[in-house]
Amino acid sequence: MTSTAAAPAATRRPRKSRLVWNLLGLLVFVTAGFPVYWMLNTAFKPAKDAIDPDPHFFPRVFTTDNFRRALDIADFWGPVGRSLTVSLVVVVIGIAVGMLAALAISRFAFRGRKIVIVGILAVQMIPLVAMIIPVFLLLNDLGQYDRLTGLIITYLTFILPFTVWTLRGFIVNIPKELEEAAMVDGCTRTGAFIRVVFPLLAPGMVATSVYGFIQAWNEYLYALMLMSQQNQTATVWLGNFTTKNGTEYAPMMAGATMMAIPIVILFLLVQRKMAAGLTAGAVKG
C-alpha cells in the first residue's frame, strides 16, 4: 500500500518541476520577445498611434506608410550596403585569424603563452568608449578616418579577441588523440586539422561568426565618430529619425525592422549548423 501511494507522488514531482521550468522559460521568452513585438507593432501602425498616450497592444489600422517614410528620410541602401560590407569582412578576417591564433594557443606550447591568454582577456575588459580618442587619432594619422577599411580595423580590435577566446574553448575540447591517430595513418599536421579538427570545429566557427556579425552590424558609437554623414552605416542611419522637432517613432521602428531582416536571414541560414555536428565527425566514415 505504501509503495503504491509513493509511486504517484514520485511521478507528480517531475511534473511539477517541468511545469515550473516551462513557466520560467515562458517568462524569459515573453520578456525577451516583447520589445521585438512592440517594434513590429509600432512599425505597422499609423504615426499618430505610435505617440498615443493610451497605447494599444494590437494595431487598430495596419499601414506600410512608415516604411515609405523611412526610405524617404535618407538613403537606406547605401548605409545597409556599407554595414553588410564591413560586417562580412570583419567576420571573414576575424574567423581566419582567430582560428589560427586559437589553434596555436591550444595546441602548441611556447614562451609567453599564458601572457597572451591573459592579454586577450584583459583587452575584452577595457570599455570601448575609453578607446575612442586614441583610435580616432591613430586612424587619422594613418589616413583611415572616414574609410571603411579604418572601421573594419577598429571592429577587429574588439571582435577578434572574443573570437580567439571562443574558438580556443572549442579546440581544447577536441581530443588531441584524434589528430595523432590521423597523423599515424599518414596525414600531415595540416591534413589532420582539415580532416579531423575542422569538421568538429565548424559549429563553433558558425556560432562565433554569427556573434561577430551581430556585433559589427549593431555597433553605433565608433561608426558615428569615425564615419561622415556621406559614409554612415545602418545604425547611424537610424539616428536621422531624431531631429530638433522630436523623434519619429513609427518610421524609426520601421527602419529598425528593416535593419533586423539581415540578422534574421543569417540566423535562419545557419541555425541547423549551429546545433548540428557538435559531436559528429569522429565516428563518421
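At 30% relative accessibility, Tyr37 counts as partly exposed in this predicted model, and Phe34, with a relative accessible area of 36%, is likewise partly exposed. Both residues belong to helix α1, which spans residues 2-43, and they are 3 residues apart, or about one turn of the helix. A search of the whole structure returns 13 aromatic pairs, among them the pair of Phe34 and Tyr37, whose geometry is tilted, with 6.3 Å centre to centre and 45° between the planes. The angle of 45° between the planes of Phe34 and Tyr37 is neither under 30 degrees nor over 60, and the pair is therefore classed as tilted rather than stacked or edge-to-face.

Trp38 and Phe57 form a further aromatic pair, edge-to-face, at 5.8 Å centre to centre and with 70° between the planes. This pair links distant parts of the chain, since Trp38 lies in helix α1 whereas Phe57 lies in the loop between α2 (47-50) and α3 (65-73), 19 residues apart. The relative accessible area of Trp38 is 25%, which places the residue in the partly exposed class, whereas Phe57, at 51%, counts as exposed, because the exposed class begins over 50%. Phe34, Tyr37, Trp38 and Phe57 together make up one aromatic cluster.

Charged side chains are also found over aromatic rings. The charged end of Lys45 sits over the ring of Trp38, 4.9 Å from the ring centre, and Trp38 is also a member of the cluster with Phe34, Tyr37 and Phe57. Elsewhere, Arg168 lies over the face of Trp165, at 5.3 Å from the ring centre.

Methods
Residues numbered from 1 in each chain as written. Predicted model: local features only at pLDDT ≥ 70, side-chain atom pairs only at ≥ 80, totals over all residues. Heavy atoms only, no water. Phe/Tyr/Trp six-rings, centres within 6.5 Å; stacked < 30°, edge-to-face > 60°. Helix = DSSP H or I, 4+ residues; strand = E, 2+ residues; numbered from the N terminus. Buried < 20%, exposed > 50% of the residue type's maximum accessible area, 1.4 Å probe, protein only. Lys NZ or Arg CZ within 6 Å of the ring centre and 35° of its normal.
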